[in-house]
Amino acid sequence: MTDELDGVRDHYRATGLTERLRAALKAFGPDDARLQPQQLAGLDQFHTRGLAATAELAELAGVDAAKSVLDVGSGVGGPARFLAATYGCRVTGVDLSEPFVEAARYLTERTGQSALASFEVASALALPFDGGRFDVALLQHVAMNIAERARLYREIRRVLKSGGRFATFDIVSLGGEPLYPVPWARTSATSFLLSAAATREAVEAAGFAVRAWRDDTEAAKSWIAGLNASGPPPSPNLGVVMGPQFAELAANLGRNLMQGRLGVLTAVFEAA
Ligand SMILES: C[S@@+](CC[C@H](N)C(=O)[O-])C[C@H]1O[C@@H](n2cnc3c(N)ncnc32)[C@H](O)[C@@H]1O
């Protein structure tokens, strides 16, 4: 397990990320200017369909101001900031990558949201929380980096209250071998895709019942087609986070979707 997690940490190592962000964000004004969370959407929603996908998942999960939300694999914190801004709820993010957590804290200070959104370095496989602490857990484009799915979903179940919601939005295998590199893995060594059916089986076995189930593959393909037609995204974008190779990684995700190798699943489960 440590080898796999080290490989995933290496993939998201992002040396000097906060400094790169500080420089890139000068496009929006001086360092001491307050930013609006939505200004960051081009670089802080690290998943297919960007902010729209986060908004839809939050609604499906029933997030509201009274909910305590955990974002597992929170990246640079865009989904957490969106939830805090939209619903006024408290959000805790955890991520394996130290540079990502540092960047998430920096961006959250810049948007003035540190009272509602906080971030910790931790593995999804050993969440640093007591049982039954959260009402909602989100997992967006993270499971594909995790081999130990039974343990992942058991950990998420453990930290949720009974009746709590687990909302997942992830890439799934449609059978074919993916073309690498992709945004979550440069080789197959850190990519652990399951089919949608196997994902459901693993989540249910951890003590969840399905509440919403949606194949988002066609929506993801339309999004990719739109990106291909509109050319390179405006700066700053996720290239600041993942480096100059990001355009190639994203293009390969598009190829994998268009060629029917990979799909996208949205699902919401209730904790038993
Ligand atoms: C593609 S990014 C998605 C980030 C965020 N969920 C979003 O949608 O913007 C995948 C994230 O999962 C994190 N991750 C991967 N494996 C993890 C693990 N075992 N525990 C915690 N975080 C993990 C990575 O460090 C990375 O930040």
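In this predicted model, the largest cavity is lined by Ala 143, Arg 149, Tyr 153, Thr 168, Asp 170, Ile 171, Val 172, Leu 194, Thr 199 and Leu 265. Two elements, helix 7 (149-159) and strand 5 (160-173), each give two or more residues to that lining. Strand 5 contributes the most, with four residues. Sorted by class, the lining comprises six nonpolar, two polar and two charged residues. The space inside the largest cavity comes to about 60 Å³. A search of the whole structure returns three cavities of 30 Å³ or more.

Attention can now turn to the nonpolar interior. In soluble globular proteins, nonpolar side chains tend to be buried together. Here the largest nonpolar core holds 85 residues, and Ile 156, Phe 166 and Trp 184 are the ones that touch the most other members. Strand 7 (residues 262-271) supplies the largest share of this core, namely seven residues. Apart from neighbours within four places in sequence, Phe 166 is in contact with Ala 137, Leu 139, Tyr 153, Ile 156, Leu 160, Val 203, Phe 208, Ala 267, Val 268 and Phe 269. Tyr 153, one of these contacts of Phe 166, is also among the residues lining the largest cavity.

Helix packing is illustrated by helix 2 (residues 17-24) and helix 6 (residues 98-110), whose axes lie 8 Å apart and meet at an angle of about 35 degrees. Helix 2 brings Leu 17, Thr 18, Leu 21 and Arg 22 to the contact, while helix 6 brings Pro 99, Phe 100, Glu 102, Ala 103, Tyr 106 and Leu 107. By class, seven residues of this contact are nonpolar, one is polar and two are charged.

With a relative accessible area of 6%, Thr 111 is buried. Its contacts, leaving aside neighbours within four places in sequence, are Arg 34, Leu 35, Gln 36, Pro 37, Leu 40 and Arg 81.

Ala 14, in the loop between helix 1 (2-11) and helix 2, has a positive phi of about 45 degrees although it is not a glycine. Ala 14 counts as buried because its relative accessibility, 15%, falls below the 20% cut-off. His 141 is another non-glycine residue with a positive phi, in this case near 55 degrees. The loop that holds His 141 runs between strand 4 (134-140) and helix 7. At 9% relative accessibility, His 141 is likewise under the 20% limit and therefore counts as buried.

Tyr 180 and Pro 181 are joined by a cis peptide bond with omega about 0 degrees, and Pro 181 belongs to the loop between strand 5 and helix 8 (196-205). A cis peptide bond also runs from Ser 235 to Pro 236, where omega is near -10 degrees. Pro 236 is found in the loop between helix 9 (217-230) and helix 10 (238-242).

Key:
Residues numbered from 1 in each chain as written. Predicted model: local features only at pLDDT ≥ 70, side-chain atom pairs only at ≥ 80, totals over all residues. Heavy atoms only, no water. Axes fitted to C-alpha atoms, helices over the stretch in contact; angles between N-to-C directions. Contact = heavy atoms within 4.5 Å. Nonpolar A, V, L, I, M, F, W, Y, C, P; charged D, E, K, R; others polar. 1 Å grid on protein atoms, 1.4 Å probe; cavity = no way out; pocket = protein on both sides within 12 Å on 5 of 7 lines; lining within 4 Å. Points joined across faces, edges and corners; volume = space filled by probe spheres on them. Core = buried A, V, L, I, M, F, W, Y, C linked by side-chain atoms within 4.5 Å. Buried < 20%, exposed > 50% of the residue type's maximum accessible area, 1.4 Å probe, protein only.
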